[in-house]
Every structure is written in structure tokens, then in C-alpha cells.
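Hi everyone, thanks for making time this morning. Let me put the structure up, and then I'll walk you through a few spots in it.

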Amino acid sequence: MGKQKATKKNNAVAAFKRVLNLKDARLKAKDRLGKKTKKGEKSEHLKVDKVPQTSSAMYFNYNTQLGPPFHIIVDTNFINFSIKKKLDIVSSMMDCLYAKCTPYITECVMAELEKLGRKYRVALKIAKDPRFQRLTCMHKGTYADDCIINRVSESKCFIVATNDKELKRRIRKIPGVPIMYIRQHRYSIERMPDAYGAPRL
């Protein structure tokens, strides 16, 4: 017979053979395979995962609490990007969703804008617009991202307007919360049904 070619399958078999059996005498006691329990007995090492309860607002992965007029929580950098792209926040939101929109701003976001100083005074002036509704914060500290995440996970009636990648990543883990962001000089929205006029990308 000729020399056997080294293939992926042969390498995998060889690697599998090198693995120690879990009942091997060379293994330490903590690494050994425990004794199997009978059906009636409970194991001490049995791991129980707690599954978070899904919101009653979610119906077949569709959030029933979302509908016009839309409630949109605005983040600090969303206001700054809107100023850079010369977009009016309220009218651009209405153009995106084809419905009445109410922008909300938390006290944490207002505090963040005040901390940024004179450079962001235009953003602060826009945030103080009477069309923006204020949301009071009961927690300590002024970290806006955590505040928005907590508020959105408690009540599923909000859309979050942000361009922050990290905040978007955290919001995507919460089911039924759409994200509004700026793309190509206009507002776009993700995770919204087509019936509400979400732009197709």
C-alpha cells in the first residue's frame, strides 16, 4: 500500500484519539466524570438556567405597544449628528416614520450636554426646545446609556434614537426595541415593520 495522505479527516481522528477518557486514572478527582444519577434522584451539580420572562407587549416577536404617535428617546450624539448633517430632529423623525413623533430627553442626557461645555451649546439649545418632553431620572449618577437601557427594558413603548455603536449593540439584545439612526443625510430605523414606513436599506 502507498503512503496514506494526511487529510483533515485523518487529523481529526488522530486528535480525537489523543483526548483522554473522562474515566481515565491519570485525571484528577475534580476532572473525572461524575456518577450518573437515576431518574428519581437530584444531582447536586445540576445547573438550572433562569430564562427571563418575555414582555406581554411582545406578540409573535412584534411589539404591540409601538404605534403612532411614536415616543422616541434621543441620545446625546444623535443631537450632535443631526446638527452636523443639518437635520431638524422633529420633522426628520416624522419623514422617517410617516406619523406624529414625540421626542423625549432624559435628565442624564441633559446633564451630559451641559458637561460638554460651550462647544455643544447649540445641541443644548435644541434639547431645551418645548417640543422635547423631559423624562425625570430617579437613579444616582449621570451615565445616559445605562439610564436609557433601563428605561427601555422596563417599558417597551419607546424607540431609541442613537448613533452610538456600543449603545446600539446593547439595545439589540432587548427584544422589541427599534433603533433610529442617521444614515446618508437622513434618519433610518431598524427593527420596525414595513407598515409604518420604515425606509428600506
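**A walk through the core and a helix pair**

Let's begin with Met 93. Setting aside residues within four places in sequence, Met 93 is in contact with Ile 72, Val 74, Phe 78, Cys 101, Pro 103, Ala 161, Met 180 and Tyr 187. Do keep in mind that this is a predicted model.

Now zoom out to the largest nonpolar core, which has 45 residues. The members that touch the most others are Ile 72, Met 93, Leu 97, Ile 159, Met 180 and Tyr 187. Helix H6, residues 144-154, supplies the largest share of this core, with five residues.

Next stop, Leu 135, which sits in strand E5, residues 133-135. Buried or exposed? Leu 135 has a relative accessible area of 13%, and since buried means under 20%, Leu 135 is buried. Beyond four places in sequence, Leu 135 touches Ile 73, Tyr 104, Ile 105, Thr 106, Glu 107, Arg 151 and Phe 158. Take Glu 107: it is 28 residues from Leu 135 along the chain, yet their C-alpha atoms are separated by 6.3 Å.

Last, helix H2, residues 76-84, whose buried residues are Thr 76, Asn 77, Phe 78, Ile 79, Asn 80 and Ser 82. H2 packs against helix H4, residues 107-116, at about 60°, with the axes 9 Å apart, so the two helices are oblique to each other. Thr 76, Ile 79 and Asn 80 of H2 meet Val 109, Glu 112, Leu 113 and Leu 116 of H4. That contact comprises four nonpolar residues, two polar and one charged. And following H2 comes Lys 86, with a positive phi near 60°.

Technical notes
Residues numbered from 1 in each chain as written. Predicted model: local features only at pLDDT ≥ 70, side-chain atom pairs only at ≥ 80, totals over all residues. Heavy atoms only, no water. Core = buried A, V, L, I, M, F, W, Y, C linked by side-chain atoms within 4.5 Å. Buried < 20%, exposed > 50% of the residue type's maximum accessible area, 1.4 Å probe, protein only. Helix = DSSP H or I, 4+ residues; strand = E, 2+ residues; numbered from the N terminus. Contact = heavy atoms within 4.5 Å. Axes fitted to C-alpha atoms, helices over the stretch in contact; angles between N-to-C directions. Parallel < 35°, antiparallel > 145°, perpendicular 65-115°, else oblique. Nonpolar A, V, L, I, M, F, W, Y, C, P; charged D, E, K, R; others polar.
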